[in-house]
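Here is a model to read through in short questions and answers. Start with the pairing of strands, then move to the ligand.

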Amino acid sequence: MKIENRTFVISGGASGLGRATTLDLFAKGGYIAILDLNEELAKQVISATSSSKVRFFETDVTNSEQVAASVKAAAAWSAETKAPFGGIIAAAGVGKPALTYSRQGPLNLDGFKFVIDINLIGTVDLIRNGLEYLTKVDPEGADGERGVVIMVASAAAYEGQSGQLAYSASKGGVVSMTLPMARDLSKYGIRVLTLAPSMFDSPMTEKMPPKVKESLLRSMEFPKRPGKPHEFSQVAIACIESTMLNGEIIRLDGASRMPARL
Ligand SMILES: NC(=O)c1ccc[n+]([C@@H]2O[C@H](COP(=O)([O-])OP(=O)(O)OC[C@H]3O[C@@H](n4cnc5c(N)ncnc54)[C@H](O)[C@@H]3O)[C@@H](O)[C@H]2O)c1
């Protein structure tokens with residue numbers, strides 16, 4: 001599918017992997033609606049493009065009314081610019097490590113729900129709201145394609161480390177949704193892909209203690225370094241452009257398998 005003159009709704013588009021995807025979609029001629037909590041970072045992305053083709057819609061993905069209102073506003077903007085919706089990219093995410101049981105007692109359920117609310121339910125909410133519009137765009141080309149949904153999981157969906165119960169559960173949920181969602185949406189000409197990165201440079205991993213980073217780096221085969229945000233967005237772009245990609249989870253991990261403990 002062509003990116004040029006299509007509008008992409010991206011949660012978490014103000015920072016890290018989402019930011020790189022915003023910038024690369026813009027470079028390919030796309031319009032981008034950033035749905036994010038962080039206005040300051042979103043403004044920086046917009047000024048990096050010096051373009052009115054990137055817009056910010058302040059949104060907390062755990063607030064369903066806000067998600068619906070922001071997606072609706074993005075759809076109105078896409079009608080104005082005559083750049084129909086082309087994709088929904090759910091990249092907003094957080095981690096909040098906690099042990100299942102520790103000296104302090106059992107896992108705090110509020111912390112668990114916090115991660116699930118953003119990473120899993122926030123992902124579904126963004127997508128279901130976006131589909132209200134994406135399913136109605138004119139189909140394109142011989143295949144009758146309407147667009148692409150991209151979700152972001154993690155290698156932790158497969159090799160969750162100790163302390164990553166909530167994060168792994170949320171990302172495992174994203175992995176498991178990929179095929180049924182692709183099957184549900186095939187009749188609309190909408191494809192669904194999930195990207196599962198290991199360690200990538202971003203504000204999220206900047207906060208990691210050096211010992212944790214070193215342990216993750218030791219588990220990399222090749223290349224022996226964290227991924228760069230642009231290497232994530234390159235694959236996101238390929239997912240949009242290559243029509244045979246559908247219903248798949250793509251690991252971006254330098255052949256690493258994460259260790260049990262960091
Ligand atoms: N960086 C990595 O190593 C890595 C590895 C695997 C998976 N991931 C996943 O990639 C995605 C992007 O992560 P990143 O590394 O770019 O992190 P990041 O912290 O740089 O970006 C996350 C973005 O999500 C936004 N966000 C957080 N909570 C939100 C909410 N409730 N509503 C709206 N926006 C919210 C933040 O404001 C931020 O802009 C996440 O889903 C993360 O779990 C990252």
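Predicted model: local features only at pLDDT ≥ 70, side-chain atom pairs only at ≥ 80, totals over all residues.

Q: How many bridges join β7 to β8?
A: Strands pair if DSSP finds at least two bridges between them. β7 covers residues 147-152 and β8 covers 190-197. They run parallel, and the bridges between them number six.

Q: What is the strand order of the open sheet?
A: Seven strands make up the sheet, with parallel pairing. The order is β3-β2-β1-β4-β7-β8-β9.

Q: Which strands are at the edges?
A: An edge strand here pairs on one side only. That holds for β3 (54-58) and β9 (248-252).

Q: Which element has the lowest mean pLDDT?
A: pLDDT is the predictor's confidence in each residue, from 0 to 100. The chain mean is 97, and β8 has the highest element mean, 99. The lowest, 87, belongs to helix α7 (residues 210-218).

Q: How much of the ligand's accessible area does the protein cover?
A: Aspartate 36 has a side-chain N or O atom 2.6 Å from a ligand oxygen. For phenylalanine 200, a backbone N or O atom lies 2.8 Å from a ligand oxygen. Accessible areas come from the Shrake-Rupley method with a 1.4 Å probe; for residues, only the protein chains shown count as cover. Of the 830 Å² that the ligand has on its own, the protein covers 93%.

Definitions and conventions
Residues numbered from 1 in each chain as written. Heavy atoms only, no water. Helix = DSSP H or I, 4+ residues; strand = E, 2+ residues; numbered from the N terminus. Polar contact = N/O pair within 3.5 Å; in protein donor to acceptor, adjacent residues only side chain to side chain.
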